Amino acid sequence: MFELVRHAARSTQLAIRNSHPVTRNSQPDMNIIEIENISHRFADGKYGIEGINLNIREGSLVVIAGPNGSGKTTLLRHLNGLLLPTAGTVRLAGICVGQDLLQARQFVGMMFQDADSQIVGETVYEDVAFGPENLRLDRSQIQSRVKIALRAVGLSELAHQRPHLLSGGEKRRLAIAGILAMEPRVIVFDEPFSSLDYPGVKQILNHILALHQSGHTILVTTHDLEKIIAHADRLILMHGGKIVRDGMPADIMCDVEAFGVRKPCTFRLGLEAESWLD
Ligand SMILES: Nc1ncnc2c1ncn2[C@@H]1O[C@H](COP(=O)(O)OP(=O)(O)O)[C@@H](O)[C@H]1O
Ligand SMILES: [Mg+2]
């Protein structure tokens, strides 16, 4: 059983690595995301996030945790310009998001919590083709990107299926294919494991890790650390629209419960984090 899981992980990782290796033309220690003192005030006057300062190093896998309403989704939506800050700036590889929204959407791929809301195509194929079509690539380039992306997430056989007929896990893999077809450098997963069963969690986790291994910078939000923390190199805790802790997961684990996030079992037992794939 464990061998099977490991084998599946390896094949997923190989498929993704062969399909979309990230070409880095930057310094290894570069901050691919620079967030400087951003706040977002909604139309009703309420602040979703306030005074956020955050730099993300290229190639890292960062977990952003916090209870419902702590501002995780609002923060992520600023990374590709779905929301623009009321104050402050967000820069991607040095370029301000507000200055070039198309570049930002290509640079940061986002998997939303509600996979259904992300579906735009009549078929699985058309859904994945939607992003590259907006980049005005020629037909053969679009076809090649879609084929490679569908193969990487194991959905080639379902290319002509209607997306709404897919299972929850398949819809999330479809969202990942749509992201891959844009060839982004940063991929953001907003609550990627919510309402998935155990095999579904493992499958999505495998994809996240494969994308990380192929050189993408990964951000994952969750209120449930258990499933991902063993793979994170940094943990950011949010509460009330602010960052309240930021550091190595083991160093701030003792504080998570004070901010409404459940401490993973292994940490309760004084052990190291354990992967869900082991
Ligand atoms: N469109 C909106 N209008 C007004 N308030 C909002 C809107 N979206 C989110 N909020 C508020 O902003 C805060 C942060 O929400 P959100 O970023 O969704 O938190 P999380 O993703 O951590 O659950 C919450 O208090 C939420 O009610
Ligand atoms: Mg959210």
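**View 1. The loop around glutamate 183 in the predicted model.** Glutamate 183 is found in the loop that runs between helix H6 (168-180) and strand E7 (186-190), in a model that is predicted. Although this residue is not a glycine, its phi is positive, near 50°. Glutamate 183 counts as buried because it has 21 C-beta neighbours inside 10 Å, where 20 or more are required.

**View 2. The loop around arginine 136.** A second residue other than glycine with a positive phi is arginine 136, for which the angle is near 60°. Arginine 136 lies between helix H4 (124-134) and helix H5 (139-152), in the loop that links them. Here the count of C-beta neighbours inside 10 Å is 9, and arginine 136 is therefore classed as exposed.

**View 3. Helix H5 and the glycine that follows.** Helix H5 has 14 residues, and the distance from its first C-alpha to its last is 20 Å, close to the 20 Å expected at 1.5 Å a residue. The buried residues of H5 are Arg145, Val146, Ile148, Ala149, Leu150 and Ala152. Glycine 154 follows the helix and has a positive phi, near 70°.

**View 4. The open antiparallel sheet.** Four strands in the order E2-E1-E4-E5 form an open sheet, and their pairing is antiparallel. Strand E2 (47-57) and strand E5 (95-96) stand at the edges with a single partner strand each, so that one side of each has no neighbour in the sheet. Strand E1 (residues 31-41) runs antiparallel to E2 and is joined to it by 7 bridges; within this pairing, isoleucine 35 has leucine 54 of E2 as its bridge partner.

View 5. Strand E3 (residues 61-65) is mostly covered, with 4 of its 5 residues buried. E3 pairs in the parallel sense with strand E8 (residues 217-222) over 5 bridges, and leucine 61 stands opposite isoleucine 218 in E8. The pairing of E3 with strand E9 (residues 234-239) is also parallel and comprises 4 bridges, with isoleucine 64 opposite isoleucine 236 in E9.

**View 6. The surroundings of ligand 1.** The shell around ligand 1 is made up of Phe42, Asp44, Lys46, Gly48, Gly66, Asn68, Gly69, Ser70, Gly71, Lys72, Thr73 and Thr74. By class, these residues divide into 1 nonpolar, 8 polar and 3 charged. Helix H2 (residues 72-77) gives the most to the shell, with 3 residues.

**View 7. The largest nonpolar core.** In soluble globular proteins, nonpolar side chains tend to be buried together. The largest nonpolar core of this model has 71 residues, of which Val63, Val128, Ala149, Ala177 and Val188 touch the most other members. Helix H7 (residues 198-213) gives the most to this core, contributing 7 residues. Ala149, one of the residues with the most contacts in the core, is also among the buried residues of H5.

**View 8. Glycine 200 in helix H7.** Glycine 200 has its place in helix H7 and counts as partly exposed because 18 C-beta neighbours lie inside 10 Å. When its neighbours within four places in sequence are left aside, glycine 200 is in contact with Gly168 and Gly169. The C-alpha atom of glycine 200 is separated by 9.8 Å from that of arginine 173, and the two residues are 27 residues apart along the chain.

Key. Residues numbered from 1 in each chain as written. Chains lettered and ligands numbered in written order. Predicted model: local features only at pLDDT ≥ 70, side-chain atom pairs only at ≥ 80, totals over all residues. Helix = DSSP H or I, 4+ residues; strand = E, 2+ residues; numbered from the N terminus. Buried ≥ 20, exposed ≤ 12 C-beta atoms within 10 Å, placed from the backbone. Expected span 1.5 Å × (residues − 1). Pairing = 2+ DSSP bridges. Near = placed C-beta within 6 Å. Nonpolar A, V, L, I, M, F, W, Y, C, P; charged D, E, K, R; others polar. Core = buried A, V, L, I, M, F, W, Y, C linked by C-beta atoms within 7 Å. Contact = placed C-beta atoms within 7 Å.
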